Amino acid sequence: MGINRRDWLKTAFLGGAALAFSPLEILAKQTPNYKELNNDGEAIRLCFNENPFGVSPKAIEAMQKSMVDASKYDFKYADVLKSKLAEKNQLSKENILVSAGSSFLLELIAKYVSINKGHMVFPEPSFTIFAPIAEFLGMSKTIIPLQDNKKIDLEGMLKAIKSDTKLVYICNPNNPTGDLLSRTEVESFISKIPENVVVLIDEAYIEFTNQPSFSNLVNQYKNIIVTRTFSKLYGFAGARLGYAMAHPDLLKNLEKLQSWSGGEISILTLAGGIAALDDVDFINKVKNNNKLAKEHTISEFEKNGIKVIPSNSNFIYFSLDNYKGDYFKKLKETKILGGKTYEEKGKWTRISIGTLEQMQKYTNTIFG
């Protein structure tokens with residue numbers, strides 16, 4: 001079959017483009033625009049606690065350069081990342097397990113504790129994405145409601161532990177409330193947990209606080225697992241990168257449930273993660289914006305009589321009980337994606353922190 005003039009010209013153009021553009025530029029010209037792939041391309045996304053500044057420029061550069069190795073099974077990237085994470089957290093590489101996002105780790109831990117079935121305890125509302133998997137595998141659960149001030153009820157969780165309890169979960173700061181438990185509170189709690197019960201501490205948002213991680217306890221308490229993510233502070237929500245810190249013996253057991261530990265992470269993501277850890281300017285920019293934008297938003301809430309929980313994260317938990325008007329309708333009309341209702345009593349909802357300009361538009365929308 002012959003080639004027509006239009007097809008020939010298209011082929012010739014692409015061939016010439018190869019001489020003028022980099023592989024990334026050619027890919028960009030042949031790939032649909034991001035807004036064409038996303039119906040909410042024009043919307044302000046304040047519903048998933050994403051980083052409004054995207055990915056670190058240094059990380060993007062490293063990811064682009066790593067594309068030349070994308071055809072290989074290259075293990076050095078994961079090894080370098082684990083070394084950097086170990087150094088950052090004053091641990092050894094044997095204390096680190098990297099994965100494609102922390103959600104993957106939560107699922108892995110749920111499968112591990114479910115091997116012989118049993119019982120789990122967690123607060124609600126919280127980020128219990130793993131719970132349905134554990135229940136499907138035969139685990140029972142006890143849900144402990146938050147206290148009236150929206151703090152996790154540690155005493156209630158302790159009382160709920162039974163002889164067959166295998167897992168206790170704490171998200172600190174908690175999602176969706178943003179409340180932060182103190183080290184004294186949590187260490188006291190951990191010391192009372194039986195050694196055969198895994199204590200899972202989800203620190204997805206700890207880097208937005210000044211409180212040290214509980215990672216320094218993983219060699220002292222062999223039943224602790226601390227998980228962290230690159231999705232929030234570093235902007236890797238779509239690139240998928242997370243890690244767990246625990247005693248080496250516990251990590252070895254988790255790895256037995258993986259066909260290839262860390263093999264689910266792309267080389268591009270690993271390279272970006274390595275570079276992101278060193279981009280101090282970007283990290284400071286994100287933290288400073290989060291502080292200013294959060295202060296602005298909370299100030300507007302309080303000025304308008306909205307009950308709000310002090311936030312130690314990149315989102316705010318607040319009550320719509322005193323709000324006049326249709327909150328979610330206003331957001332929809334102005335193309336602001338703003339979450340859902342987490343607790344019907346008090347109409348508690350959450351809003352993610354965007355840039356200061358985005359939060360100013362948000363507050364003008366709901367209070368204007």
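Contact here means heavy atoms within 4.5 Å; axes are lines fitted to C-alpha atoms, for helices over the stretch in contact, with angles from 0 to 180 degrees between N-to-C directions. Helices (H or I, at least four residues) and strands (E, at least two) are DSSP runs numbered from the N terminus.

The model is predicted: local features need pLDDT of at least 70, side-chain atom pairs count only at pLDDT 80 or more, and totals for chains, interfaces and linings use all residues. Residues are numbered from 1 along each chain as its sequence is written, and side-chain values use heavy atoms, with hydrogens and water left out.

**Sheets**

Two strands pair if DSSP finds at least two bridges between them. Ser 99 stands opposite Gly 242 in strand 8.

In strand 13, Trp 348 is the bridge partner of Glu 343.

| Strand pair | Sense | Bridges |
|---|---|---|
| strand 2 and strand 8 (residues 242-246) | antiparallel | four |
| strand 12 and strand 13 (residues 348-352) | antiparallel | two |

**Helix 12**

The axes of helix 12 (residues 280-303) and helix 14 (residues 356-367) come within 9 Å and cross at roughly 10°. Helix 12 is therefore roughly parallel to helix 14, a term for angles under 35 degrees. Residues of helix 12 that meet helix 14 include Asn 289, Leu 292 and Phe 301.

**Cavity**

A search of the whole structure finds one cavity of 30 Å³ or more. On a 1 Å grid over the protein atoms alone, a cavity is a set of points where a 1.4 Å probe fits but cannot get out; lining residues have an atom within 4 Å of a point. The largest cavity holds about 60 Å³, a volume being the space filled by probe spheres set on the points. Among its lining residues are Glu 50, Lys 232, Asn 289 and Ile 353.

Key. Angles under 35 degrees count as roughly parallel, over 145 as roughly antiparallel, 65 to 115 as roughly perpendicular and the rest as oblique. On a 1 Å grid over the protein atoms alone, a cavity is a set of points where a 1.4 Å probe fits but cannot get out, and a pocket is an open set with protein on both sides within 12 Å along at least five of seven lines; lining residues have an atom within 4 Å of a point.
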